[in-house]
Amino acid sequence: MRKSVIQLSFYLPDPGSAWTKTWDAAKQGDPAAISEMDLRYKCFGVNFELMVGDVEIVSKKRFVTLVDLALSLSGAVNRISAGEDAAFGFTESEEVIHLRQDGDLVAVSSSKHPMRGAVGREELVGEVLRFLREAYSRLVTEIPGLSANPVIQRISSE
């Protein structure tokens, strides 16, 4: 099996990490009623990694909130699928990841460093959709009531 040129991954925080509290907080009250603001900016901290070939675009040391990332990636993949350039950022920093169309390829770069990678458009779209399915699955496995939350449902509809 051919190794994927692009890899999007997230990792749950280590037990005892302050980021673990961002998962515990979402278990309080009615998960279906958690606001988009809280889901995007207060809940579900994870480590995130983005590799294109051997190029580390985003280090797995980067902490982000999973719902904000998933919704941002969802918007970016819609633009890429439409043949447009796209970008997504992180609430926690000013870094922006740029996705620029280049024929059948998409150039992937960070505003924070000069390293660039390129991946086929179809492979990029497939990997983002896989990531969104994995994010949705992890969220509703950890907190089943989230499946009724309209913001979380937007992740699953991609």
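The model is predicted, with local features requiring pLDDT of at least 70 and side-chain atom pairs counted only at pLDDT 80 or more, while totals for chains, interfaces and linings use all residues. Residues are numbered from 1 along each chain as its sequence is written, and side-chain values use heavy atoms, without hydrogens and water.

Valine 108 is part of strand E6, strands being DSSP runs (E) of at least two residues and helices runs (H or I) of at least four, numbered from the N terminus. Beyond neighbours within four places in sequence, contacts of valine 108 (heavy atoms within 4.5 Å) include Leu50, Ile57, Leu99 and Met115. His98 is also in contact with valine 108; the two residues are ten apart in sequence, with a C-alpha to C-alpha separation of 5.7 Å.

Strand E6 (residues 105–110) runs antiparallel to strand E7 (residues 113–120), and six bridges join them; pairing requires at least two bridges found by DSSP. Two residues separate E6 and E7 in a hairpin. Leucine 105 has glycine 120 of E7 as its bridge partner.

Helix H3 (residues 66–81) and helix H4 (residues 121–142) have axes that come within 10 Å and cross at roughly 155°. Axes are lines fitted to C-alpha atoms over the stretch in contact, with angles from 0 to 180 degrees between N-to-C directions. H3 and H4 are therefore roughly antiparallel (over 145 degrees; under 35 is roughly parallel, 65 to 115 roughly perpendicular and the rest oblique).
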